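Dear colleague,

Please find below the structure that I am handing over to you. My notes on it follow directly after.

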Amino acid sequence: MKINRFMIAAPKSGSGKTMITCALLQLLKDSGKNVLSYKCGPDYIDPMFHKKVLGVPSKNLDTFFTDEKTTVQLFLDERADGDFAVLEGVMGLYDGLGGIYEQGSSYHLAKVTQTPIILVVDAKGMGKSVLALIAGFLQYDTQHLIKGVLLNRMSKGYYDIIKPLIEKELSVKVVGYFPEQNDIGLSSRHLGLVMPDELSDIKKQLNETADRLKKTIDMDLFIDIAEAADEIGDSGSADAYNEKNIGNCDQNEFLQNKAINTVDIAVAMDEAFCFYYEDNLRMLEKCGAKLQYFSPLHDTSLPEDCDAMLLGGGYPELYAKELSKNVSMLNAVKKAFRAGKPTVAECGGFMYLHTYIRNICDDNDEKNNADTQNNTDIQNDMNKSQLVGALDGGCHFKGKLVRFGYIELAEKHSNFLAPNEKIKAHEFHYYDSTDNGADCIATKPATGRSYDCVISHDNYWLGFPHLYYPSNPHFAESFVRKAYEYRRNKNGKLL
C-alpha cells in the first residue's frame, strides 16, 4: 500500500513536536490532501490535538504494545492508497522501553513502518554545537531514516548562517526553522499537555501556528520526503489482521448474527473522562458492540438499556466537585454496577467508582503533631468529594508519580483473559487508592519487578492500568461476551 508519510521526532521531550505536528497537519489539510495522524506511544492528549485539527480521530501505535507485524497492520487498518500520514514521535527519538531499549521508541516505530523522519531540534541557546547534536543522531540512525531537520526556536539571521553548514557537513536536508513564539504555545500539567478543549482559543492558536510555520519551512520538501516513502504491507494486511484477531469472535454464540445480537456499551466521554485508545473502541465495535457515549458530568442517567459500562481515564480530580453534585448519575452508576452490569474502569474511571476522592497531598500526615493533625483532618474533609461509592475507600493525591510506565498484566484466576495469557498496559498517575486490588499481577518488562493490582471478578475489571486491547483481543471479546450474557439473562431470551 502506498501511504505518503513522515514522522516528526526530536532529541528530547519539550522540543515542540506537538505544536509543529499540528501546524503541519493543518497545512497538509489546507492543501487538499487526505491527511491522517498517529501518535507513537501511550499518550492520550496529543491525539486530541491532532483530532482538533483534522476533525477525525488520531490513532496510537506502540511497538511495545504490539509486535512488528501487528503494528504495521494497525497502521494500515482502514487506510487507502494515496493517503497522507503524519506520525508524531514520543520523548527522544531513541528513547524506548526503560529508557534504554529500542522497543517502544519512536525510532523503532519508524523502522517498523519504514517511515522517513524529520528531526525537530530545539536550537535555542546553541551555535555550531547544533551540528554535533544532529551528527550524533545521524550516527545512531542505522536505517538512514532521518531525511530532514527542522530547527525550532531559531532566528532567521542565524538560520541563514547555520543551514548551509548543516547540509554541507552532515549531508542532511534542513527543511526549515521556526522562531520562538512568545504569544502562542501549549500549556502543560502533571499528565502532559492541557487538553485542547480547555483552551478557549485553541483553533485560533493552531491556525496561527500553521500560518507562521508556512512562512519559514519548505513545504514542498516535506511533501517530497513523504512521497518518497516506500510502499508498506499490501491492501489485504489490515483485513488479515482483523480476520486473525477478531475472526475467532465468530465462534461465540453472541456474534453469529451481529445484526441481531449487538450489545450496547455505555462509554463515559466528557471533560473528566476522555482517555481512550481509538483502536480499543474500534475493537469493541468489531466484536459486536454498539458504543453509546454519555457524560458523568452533565447527564443524569446512563444510556437507556445499556448492557455494560466502560469508564475510561481522564481528569476526574479536576471535576470532583461537579461530579459529586451529579447525584442522579452517581446513583445510576452505582445501581448498575451492583446489579451486575459488566464494567471496565481504568485509572480515572476506577477513581470515580470509589466512595471519595481527596485532592490534597497526604504523604506527610503521620509526621504532623496532634494539633496539626486535627487541622489537616479538617482540611482533608473540605477537599474530599463524594463519588459513586461502588468501591469502599477513596483515592488520594500523593504529590508525585505513584506508578509510571509499561506493564504486562496476568490474571490470577482467568476471568477476562484465557489462562496463562497477558495483556499489555501503561500506568501514569499521581493518585493512589486505599485498595488497588490484588486480582492481577503486573510485571515491569524492563526490570521484571512485579506487584499486585486490579479488582476483578466475573463482571468487572477495575484498576489504574490503561489497557491496550490489540495486545490481546481476547479481553475485548470477553467484555462484549459478558455484556451479551448480561442482556440475555436480564431478558430471559436472545434479542
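Predicted model: local features only at pLDDT ≥ 70, side-chain atom pairs only at ≥ 80, totals over all residues.

**Confidence and findings**

Residues are numbered from 1 along each chain as its sequence is written, and side-chain values use heavy atoms, with hydrogens and water left out.

For the protein chain, the mean pLDDT is 89, and 86% of its residues reach 70 or more. Residues 250-254 have a pLDDT below 50, and this stretch has 15 contacts in the model beyond near neighbours in sequence.

UniProt, in an unreviewed entry, lists Cys347 for "active site"; such annotations may be inferred rather than shown by experiment, and the positions are given in the numbering used here, with feature names shortened. Cys347 lies in the loop between strand 15 (343-346) and helix 14 (348-352). Helices (H or I, at least four residues) and strands (E, at least two) are DSSP runs, numbered from the N terminus. With a relative accessible area of 7%, Cys347 is buried (buried means under 20% relative accessible area, exposed over 50%, partly exposed in between, with a 1.4 Å probe and protein chains only). Not counting residues up to four places away in sequence, Cys347 touches Gly313, His429, Gly463, Phe464 and His466.

Pro465 is placed in the loop between strand 25 (460-463) and strand 26 (466-467). Pro465 is buried, at a relative accessible area of 2%. Beyond its neighbours within four places in sequence, its contacts include Glu346, His426 and Val454. Pro465 and Val454 are 11 residues apart along the chain, and their C-alpha atoms are separated by 8.0 Å.

Helix 4 (residues 106-113) has 7 of its 8 residues buried, so it is largely enclosed by the rest of the structure. Among the buried residues of helix 4 are Tyr107, His108 and Leu109. Gln114 follows helix 4 and has a positive phi, near 55 degrees.

Finally, Met19, Ile20, Cys22, Ala23, Leu24, Gln26 and Leu27 in helix 1 meet Lys203, Leu206, Asn207, Thr209, Ala210, Leu213 and Lys214 in helix 7.

Yours sincerely

Note on methods
Contact = heavy atoms within 4.5 Å. pLDDT = per-residue confidence, 0-100.
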